[in-house]
Amino acid sequence: MQSEDDDLRIGVPGAALAPGRVPAPTRPSAPEGADGLELRPGETELGRPPQVPADLAELSRADLARLKLLDDEQAARDVAEAELLLTSDPTGLGWLGWFGSPIAFAALLGVTGVLGVFLFNQTAQLLHALAAQPEWAQYVGYAGLGLFGCCVLYAFVRFLVLYVRLRENRQLRVKGIKELSNRTRLRWLAAARTNEARAQIETYLKTYPIDTERDRRALEKLGLTPDAVARLKAVRAELLDHDKFASSDQWFARFRDQFQSVIDAAAEARARYWASRIWVLTAVAPNAMIDSGATLFYTFSMLSELCQLYNLRAGRTGTAVLMGRTFFNAYLAGQATEWEKLAEDQYDQLFNEAMSTVGVSVSAGVVGKVVGKVGAKVTTGYLNRVLLIRLGRYACRLLRPVTKD
């Protein structure tokens, strides 16, 4: 029969307890399992029950629809921001936003009305003056006036037909592509937009009229020499080779510096060509209506050639601004009489002062009148030349496929 001490030592191998000592309770061994612990319902390893929000519930269909709407709005904002970075506004009216196009068309209507009233009055005065001339002079004057009007009308119709047939220009900004690639949030759009812009320029290259002999002759009349045409064909072949360039930035730079720059140089030469002719004609024209008509004829001829060189046309707002400036220049050319009088008085005064300084007074007044008259005509003709060159450069800015910056 075991003693009381023996009963206390049961289950404690190799340990002897002093008389009167009670052994400490031992932790039960963990059951076999994945974590070695068996938890009761509602318990966690942290020692507290899980905390769950009271209003937590599954998303309803309305919630999912609202989340999708928010995602779509954010994607639309990203696309709009990408469009602003990539698409250029060469008209200079982009800061007006939606009002840019209506304002441009309103200005066009106003200038057209003013020019129409001016030309009507000048034509009536010219016909009245011809009616007082001999019969043979009337026939010559009417025939010349009709031929002049037909020339102006032909230039306008030719420009209009060519303009309608061409594709509208969507100008690209190379800097915008680089900036789009640097933005982390919009980087997902960079590759897609870059490929889209590159495909647009490739379509332009494929449709540029440079393959047939007829096209080459037409370009040669516009100032592109055979060497320049050969250079355009070589650069186009390189640009259409997808394995030729390591990055899109190099591709766009090659197009702008080696293909578009050749067209830019020819366009600048054509603008100066027509500007020199308007200088001579408006300097010797005897009537304000002739000045306005000649300005319209040379302007429409220049714009037709520029559109042929670039094989593009401007957008709606750009076209309105371009036509408004055209008609405004024609109106200014018709108002050259007032400018000529002012310039004539200034030249006459300067000539008389110069002659009095050197002590020459014989026939100085007559010579001063002649010098003043000639100088005034040359000055007003040169002013028309400057205005036409500025208009040509503005048209080139509207027609370039890629911005020059």
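Good morning. Please bear in mind throughout that what we have is a predicted model.

I begin with the overall fold. The protein chain contains 13 helices and 0 strands. Read from the N terminus, its elements run α-α-α-α-α-α-α-α-α-α-α-α-α. The chain has 405 residues, and 36% of them count as buried.

Helix 11 covers residues 316–334, which gives it 19 residues. From the first C-alpha to the last, helix 11 reaches 27 Å, close to the 27 Å expected at 1.5 Å a residue. Is helix 11 mostly covered or mostly uncovered? Helix 11 is mostly covered, with 14 of its 19 residues buried.

Asn311 sits in the loop between helix 10, residues 288–310, and helix 11. Most residues other than glycine have a negative phi. Asn311, however, has a positive phi, near 60 degrees. The relative accessible area of Asn311 is 16%, and a value under 20% means buried, so Asn311 is classed as buried.

Asn311 also brings us to the pockets. The second largest pocket has a volume of about 330 Å³. Asn311 is one of its lining residues, together with Leu162, Arg165, Leu166, Pro209, Arg214, Asp215, Ala218, Leu219, Leu222 and Gln308. Which elements give two or more residues to this lining? They are helix 4, residues 135–165, and helix 7, residues 213–221. Helix 7 gives the most, with 4 residues. By class, the lining of this pocket divides into 6 nonpolar, 2 polar and 3 charged residues.

The structure holds 4 cavities of 30 Å³ or more. For the second largest cavity, the volume is about 50 Å³. Its lining consists of Arg167, Glu168, Asn169, Arg170, Gln200, Ile201, Tyr204, Leu312 and Pro401. Sorted by class, these are 4 nonpolar, 2 polar and 3 charged residues.

A pair of aromatic rings is described by the distance of the centres and the angle of the planes. How many aromatic pairs does the structure hold? The number is 14. In one of them, Tyr204 and Phe255 have ring centres 6.2 Å apart and planes at 85 degrees, so this pair is edge-to-face. Tyr204 lies in helix 6, residues 187–207, and Phe255 in helix 9, residues 248–284; the pair therefore ties together parts that are 51 residues apart in sequence. Both Tyr204 and Phe255 are buried.

A further edge-to-face pair is that of Trp279 and Tyr382, with 5.1 Å centre to centre and 70 degrees between the planes. Trp279 lies in helix 9 and Tyr382 in helix 13, residues 364–399, so here the linked parts are 103 residues apart in sequence. Are these two residues buried or partly exposed? Trp279 counts as partly exposed because its relative accessibility is 29%. Tyr382 is partly exposed as well, with a relative accessible area of 40%. Elsewhere, ring pairs link Phe156, Phe159, Tyr163, Phe300 and Phe327 into a cluster.

The cysteines come next. A disulfide is a covalent bond between the sulfur atoms of two cysteines. With a cut-off of 2.5 Å between the sulfur atoms, the count comes to 0 disulfides. Cys150 is in no disulfide, and its nearest cysteine sulfur, that of Cys151, is 7.1 Å away. Cys396 is likewise in no disulfide; the nearest cysteine sulfur belongs to Cys307, at 9.6 Å. Cys396 is buried, with a relative accessible area of 4%.

I close at the end of the chain. Where is Thr403 found? Thr403 is in the segment after helix 13. Its relative accessibility is 7%, so Thr403 counts as buried. Thr403 and Arg256 are 147 residues apart along the chain, and their C-alpha atoms are separated by 8.1 Å.

Thank you for your attention.

Notes:
Residues numbered from 1 in each chain as written. Predicted model: local features only at pLDDT ≥ 70, side-chain atom pairs only at ≥ 80, totals over all residues. Heavy atoms only, no water. 1 Å grid on protein atoms, 1.4 Å probe; cavity = no way out; pocket = protein on both sides within 12 Å on 5 of 7 lines; lining within 4 Å. Points joined across faces, edges and corners; volume = space filled by probe spheres on them. Nonpolar A, V, L, I, M, F, W, Y, C, P; charged D, E, K, R; others polar. Expected span 1.5 Å × (residues − 1). Buried < 20%, exposed > 50% of the residue type's maximum accessible area, 1.4 Å probe, protein only. Phe/Tyr/Trp six-rings, centres within 6.5 Å; stacked < 30°, edge-to-face > 60°.
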